[in-house]
Amino acid sequence: MPHAEKKIAFDHFHIAQSLTDALNETRKAELLKLEQNLKKEAYQTRYYWLKNPANLKEHHWKKLNELKDSFVNTTLFWYFKERARSIWKGNRVRGAKSSWVEWISLAKAAKIPAL
C-alpha cells in the first residue's frame, strides 16, 4: 500500500478495497510470468480472484484450484484478503487484536511486495 504509514483506515470498505487492489496487482504481475499457453485461461479468471468467495460457483472454484500452483503469490494474497474479511466481520470482540497482530505478522513473513 503506497504511503501506508500515512494512512489510517477504520472501515471495512477501505481496507477491503486496498487489499483487493493490491491482490489484483499481484495477479497481474504473476500473469506476465506465465507460460504463453496458460495466459489466456488465467486472464479469464481475473474476476474470480476478486469476488466474494460466497458468490463463486463450483466451476469458478475448479478453475482457481487448477491455477493455484501458477499463481502462488496471488493465491496466498487471496487467503490474506479473505482472512482479513473474516477478522473484520467476526462477532468476537475478544481476540480481535491478537487476530490482527497474527495476520500482520504472517503477512510480513509472506514477503509478497504488495501485501
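User: Is Glu82 buried or exposed?

Analyst: A residue counts as buried when its relative accessible area is under 20%. In this predicted model, Glu82 has a relative accessibility of 13% and therefore counts as buried.

User: Which residue forms a salt bridge with Glu82?

Analyst: A salt bridge requires a side-chain nitrogen of Lys or Arg within 4 Å of a carboxyl oxygen of Asp or Glu. For Glu82 the partner is Arg85, and their closest N and O atoms are 2.8 Å apart. The two residues are three places apart in helix α5, so about one helical turn separates them. Arg85 is partly exposed, with a relative accessible area of 24%.

User: How many salt bridges does the structure hold, and do any share partners or stand apart?

Analyst: The structure holds five salt bridges.

User: What is the distance between the closest N and O atoms of Glu25 and Lys28?

Analyst: That distance is 3.8 Å, and the pair forms a salt bridge. Glu25 and Lys28 are three residues apart in helix α1 (residues 12-33), so about one helical turn lies between them. Glu25 is partly exposed at 46% relative accessibility, and Lys28 is partly exposed at 39%.

User: How do α1 and α5 lie relative to each other, and which classes of residue make up their contact?

Analyst: The axes of α1 and α5 come within 9 Å and cross at roughly 170 degrees. The two helices are therefore roughly antiparallel. The contact of α1 with α5 has nine nonpolar, five polar and five charged residues. Leu19, Leu23 and Glu30 are among those from α1, and Phe77, Lys81 and Ala84 are among those from α5.

User: Which residues does Ala84 touch, beyond those up to four places away in sequence?

Analyst: Ala84, a residue of helix α5, touches Leu19, Trp100 and Trp103 when residues up to four places away are not counted. Ala84 counts as buried because its relative accessibility is 3%. Its C-alpha atom is separated by 9.1 Å from that of Ser99, which is 15 residues away along the chain.

User: What are the contacts of Leu64 when neighbours within four places in sequence are left aside?

Analyst: Leu64 is in contact with Tyr48, Trp49 and Leu56 on that basis. The residue is placed in helix α4 and is buried, with a relative accessible area of 6%. Between Leu64 and Tyr43, which are 21 residues apart in sequence, the C-alpha to C-alpha distance is 11 Å.

User: What is the phi of Lys111?

Analyst: Most residues other than glycine have a negative phi. Lys111 has a positive phi of about 55 degrees although it is not a glycine. Lys111 is located in the segment after α6 and counts as exposed at 70% relative accessibility.

User: In which helix is confidence lowest, and in which is it highest?

Analyst: Where pLDDT is low, the predicted coordinates should not be read in detail. Confidence is lowest in helix α2 (residues 36-43), at a mean of 86, and highest in helix α4 (residues 58-67), at 92. For the protein chain, the mean pLDDT is 87, and 93% of its residues reach 70 or more.

Methods:
Residues are numbered from 1 along each chain as its sequence is written. This is a predicted model: local features need pLDDT of at least 70, side-chain atom pairs count only at pLDDT 80 or more; totals for chains, interfaces and linings use all residues. Side-chain values use heavy atoms; hydrogens and water are left out. pLDDT is the predictor's confidence in each residue, from 0 to 100. Helices (H or I, at least four residues) and strands (E, at least two) are DSSP runs, numbered from the N terminus. Buried means under 20% relative accessible area, exposed over 50%, partly exposed in between (1.4 Å probe, protein chains only). Contact means heavy atoms within 4.5 Å. Axes are lines fitted to C-alpha atoms, for helices over the stretch in contact, and angles run from 0 to 180 degrees between N-to-C directions. Angles under 35 degrees count as roughly parallel, over 145 as roughly antiparallel, 65 to 115 as roughly perpendicular and the rest as oblique. Ala, Val, Leu, Ile, Met, Phe, Trp, Tyr, Cys and Pro count as nonpolar, Asp, Glu, Lys and Arg as charged, and the others, Gly among them, as polar.
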